[in-house]
Amino acid sequence: MKKIIFLFAVTLFFASCGGNSSAPATDETATEATAEEGGEEATADEADANIAEVTIKGDDAMKYDLSEIKVKEGQTVHLTLVHSGKAPVAAMGHNWVLMKPGTDVEKFATAAINAKDNDYIPADMAADVIAHTKTIGGGETTDVEFTAPAKGTYDFLCSFPGHHATMKGKFIVE
Ligand code: ZN
């Protein structure tokens, strides 16, 4: 009923404008059809439940934007690290390192100071690392993919010298 009234109003409107009424009326119909198609497409786009897409940012203030990351056991984790600052890698490098449970994080971070050539992952403590990204500077992005470990709470940190005190968080597997 509303539509009939609407069409009647449109007809009246264009009738009052005179001879050019047919072209705008056609446009109105076309716009309506496009909107309906768009709606159908949106519902067809579903995320893959087996992949956890995580994006964490590190900035020039030596901070991550996340202090907690939650995933599900056995999920494929695709973690993207974005350095949202401008400082070069030598001055304000960031990486993302996920430690095995029971690791002495302080000891790891101290050893990492001398592991610049290995993305600040000390070679003799590599077994304590579940996954890690490379070390990047301002404006850069990197990523890593791994399988979420067993249920539990894990530490993550940036192992660039001096950063782990503020750049750290909990990686929770549910
Ligand atoms: Zn850092």
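This briefing describes the salt bridges and the zinc site of one protein structure. The model is predicted, so local features need pLDDT of at least 70 and side-chain atom pairs count only at pLDDT 80 or more, while totals for chains, interfaces and linings use all residues. Residues are numbered from 1 along each chain as its sequence is written, and side-chain values use heavy atoms, with hydrogens and water left out.

**Salt bridges**

- Side chains of opposite charge can pair when their charged atoms come close.
- The structure holds three salt bridges, each defined as a side-chain nitrogen of Lys or Arg within 4 Å of a carboxyl oxygen of Asp or Glu.
- Glu 68, Lys 70 and Glu 174 are joined in a network of such bridges.
- Lys 70 pairs with Glu 68, with 4.0 Å between the closest N and O atoms.
- Lys 70 also forms a salt bridge with Glu 174, at 3.9 Å from N to O.
- This second pair connects distant parts of the chain, 104 residues apart: Lys 70 lies in strand E2 (residues 68-71), and Glu 174 lies in the segment after strand E8 (168-173).
- Helices (H or I, at least four residues) and strands (E, at least two) are DSSP runs, numbered from the N terminus.
- Lys 170 and Asp 155 meet in a salt bridge at 2.6 Å from N to O.
- Here Lys 170 belongs to strand E8 and Asp 155 to strand E7 (residues 152-157), so the pair links distant parts of the chain, 15 residues apart.

**Exposure of the paired residues**

- Buried means under 20% relative accessible area, exposed means over 50%, and partly exposed lies in between (1.4 Å probe, protein chains only).
- Glu 68 counts as partly exposed because its relative accessibility is 44%.
- Glu 174 is likewise partly exposed, at 42%.
- Lys 170 is partly exposed at 37%, and Asp 155 is partly exposed at 28%.

**The zinc site**

- The zinc ion is coordinated by Gly 93 (O), His 94 (ND1), Cys 158 (SG) and His 163 (ND1), at 2.1 to 2.7 Å.
- Donors are N, O and S atoms within 2.8 Å of the metal (3.2 Å for Na, K and Ca); water is not among the atoms, so sites may look incomplete.
- Along the chain, the zinc donors follow the spacing G-H-x63-C-x4-H.
- His 94, in the loop between helix H3 (89-92) and strand E4 (97-99), and Cys 158, in the loop between E7 and E8, are 64 residues apart, and the pair links distant parts of the chain.
- Both His 94 and Cys 158 are buried.
- The four donor atoms subtend angles of 77 to 131° around the zinc ion, which makes the arrangement irregular.
- Four donors count as tetrahedral if all angles lie between 85 and 135 degrees; four count as square planar and six as octahedral if opposite donors are over 155 degrees apart and all others between 65 and 115; anything else is irregular.
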